[in-house]
Amino acid sequence: MMPARSLPPCRAPHAGARWTARLALAGLAWAGIAAAPAQEPARAPAPERVARCGDDTACLAGLERDALRQAGAAAQRQGAELRLQFGAHAPARFVDQPPVTHLYLGRLDGLALHLVRAAQPGRLPAWWLVGEGAQPPLRVDALPVAGPLGRHFIVASGAMLALYERAGDRWSMPYRFEAPAGLTWEVRGWRADEAAVRLGWTWPDGPSACAGQGAQGALQLRDGPYGWDLVPEAPRRCAPQAVPPGASEPQRRRDRA
């Protein structure tokens with residue numbers, strides 16, 4: 001079955017994808033939905049606990065039990081079906097279709113987004129972010145790192161960066177960047193006003209990809225007058241040097257060296 005909001009089937013990521021984003025989520029906590037309006041939201045598992053579980057199904061099932069208990073009627077499981085519904089909005093349904101399974105892991109504090117893990121054995125998990133409004137769930141490649149004001153979050157997965165921002169109860173992706181294959185990102189923290197996020201990068205093949213380039217470094221993703229951009233520029237592969245059409249083979253080899 002497909003989730004109720006015209007959501008495409010949950011599929012685990014391609015086996016060849018590089019998913020090495022680190023869980024640098026300092027200060028990010030998860031909260032469950034209150035069972036009654038007057039009750040304060042309970043704290044849900046911290047991202048570090050999810051990381052420690054790894055692929056341990058018993059550990060992850062324990063996290064889901066805690067999250068479902070805290071969520072009350074907003075998130076419920078009936079056998080293979082996980083159902084999330086908020087207010088009068090249409091529910092989001094996730095149905096386990098072996099080997100793919102889904103787990104509800106709680107509410108991301110400050111983002112009003114609820115996290116669902118979709119996975120199958122031997123592959124890295126995918127993640128669904130379910131809002132409390134009418135927007136269909138968002139599929140992301142790694143756990144999000146939220147800004148301190150709750151207006152943005154960033155996802156770093158291998159060589160890919162994706163920035164999301166909120167307008168009302170809807171999220172959009174104003175920035176996405178794909179670095180050269182083999183480069184990995186680390187999210188180091190947000191500026192207090194969410195106008196910039198600090199990033200680290202590691203690229204073992206960087207020095208051989210372009211003369212004078214290092215294997216690691218740091219930069220920022222900043223909101224500027226023309227939108228979001230990386231400052232300084234991200235590392236890149238050098239363009240191959242052109243060789244004159246009439247050049248001899250030895251000269252071609254020298255020019256390629």
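Tutor: Start with one cysteine. Cys 238 has a relative accessibility of 34%, so Cys 238 counts as partly exposed. Keep in mind that this is a predicted model.

Student: Which cysteine does a disulfide join to Cys 238?
Tutor: The two sulfur atoms are 1.6 Å apart. The cut-off for a disulfide is 2.5 Å. The partner of Cys 238 is Cys 210.

Student: How many residues apart are Cys 210 and Cys 238?
Tutor: Cys 210 sits in the loop between helix 3 (206-209) and strand 16 (216-224). Cys 238 sits in the loop between strand 17 (227-231) and helix 4 (249-256). The pair links distant parts of the chain, and the separation is 28 residues.

Student: Is Cys 210 buried or exposed?
Tutor: Buried means under 20% relative accessible area. Cys 210 has 11% relative accessibility, so Cys 210 counts as buried.

Student: How many disulfides does the structure hold?
Tutor: Another disulfide joins Cys 53 to Cys 59, with 1.8 Å from S to S. Number the bonded cysteines in sequence order, and the pairing is 1-2, 3-4. The number of disulfides is two.

Student: What is the handedness of the link of Cys 53 and Cys 59?
Tutor: Cys 53 has 6% relative accessibility, so Cys 53 counts as buried. Cys 59 has a relative accessible area of 30%, so Cys 59 is partly exposed. The angle about their S-S bond is -60°, and the link is left-handed.

Student: How many helices and strands are in the protein chain?
Tutor: The chain has 257 residues, and buried residues make up 45% of them. Its elements are four helices and 17 strands.

Student: In which sense do strand 3 and strand 4 pair?
Tutor: Strand 3 covers residues 75-78, and strand 4 covers residues 81-84. The two form a hairpin with two residues between them. Gly 79 in the turn has a positive phi of about 65°. Over four bridges, the sense is antiparallel.

Student: Which residue in strand 4 is the bridge partner of Gln 76?
Tutor: Follow the bridge from Gln 76 into strand 4. The partner there is Arg 83.

Student: Which residue in strand 5 stands opposite Leu 84?
Tutor: Strand 4 and strand 5 run antiparallel, joined by four bridges. Across from Leu 84 stands Ala 92.

Student: How many aromatic pairs does a search of the whole structure find?
Tutor: A pair of aromatic rings is described by the distance of the centres and the angle of the planes. Searching the whole structure gives a count of four.

Student: Why is the pair of Phe 94 and Trp 128 tilted?
Tutor: The ring centres are 6.1 Å apart. Planes under 30 degrees apart count as stacked, over 60 as edge-to-face and the rest as tilted. The planes of Phe 94 and Trp 128 are at 50°, so the pair is tilted.

Student: In which strands are Phe 94 and Trp 128?
Tutor: Both residues are buried. They lie 34 residues apart and link distant parts of the chain. Phe 94 is in strand 5 (residues 92-95), and Trp 128 is in strand 8 (residues 126-131).

Student: What kind of aromatic pair do Phe 177 and Trp 185 form?
Tutor: Phe 177 has 23% relative accessibility, so Phe 177 counts as partly exposed. Trp 185 has 1%, so Trp 185 counts as buried. Their centres are 6.3 Å apart, with 70° between the planes. The pair is edge-to-face.

Student: Which residues touch the most other members of the largest nonpolar core?
Tutor: This core has 23 residues. Among the elements that give two or more residues to it are helix 1 (47-53), helix 2 (57-71) and strand 8. The residues are Leu 129, Phe 153 and Tyr 164.

Student: Is Pro 144 buried or exposed?
Tutor: Pro 144 is among the residues that Leu 129 touches. Pro 144 is found in the loop between strand 9 and strand 10 (145-146). At 2% relative accessibility, Pro 144 counts as buried.

Definitions and conventions:
Residues are numbered from 1 along each chain as its sequence is written. This is a predicted model: local features need pLDDT of at least 70, side-chain atom pairs count only at pLDDT 80 or more; totals for chains, interfaces and linings use all residues. Side-chain values use heavy atoms; hydrogens and water are left out. Rings of Phe, Tyr and Trp (its six-membered ring) pair if their centres lie within 6.5 Å; planes under 30 degrees apart count as stacked, over 60 as edge-to-face and the rest as tilted. Buried means under 20% relative accessible area, exposed over 50%, partly exposed in between (1.4 Å probe, protein chains only). Two strands pair if DSSP finds at least two bridges between them. A nonpolar core is a set of buried Ala, Val, Leu, Ile, Met, Phe, Trp, Tyr and Cys residues joined through side-chain atoms within 4.5 Å. Contact means heavy atoms within 4.5 Å. Lists of a residue's contacts leave out its neighbours within four places in sequence.
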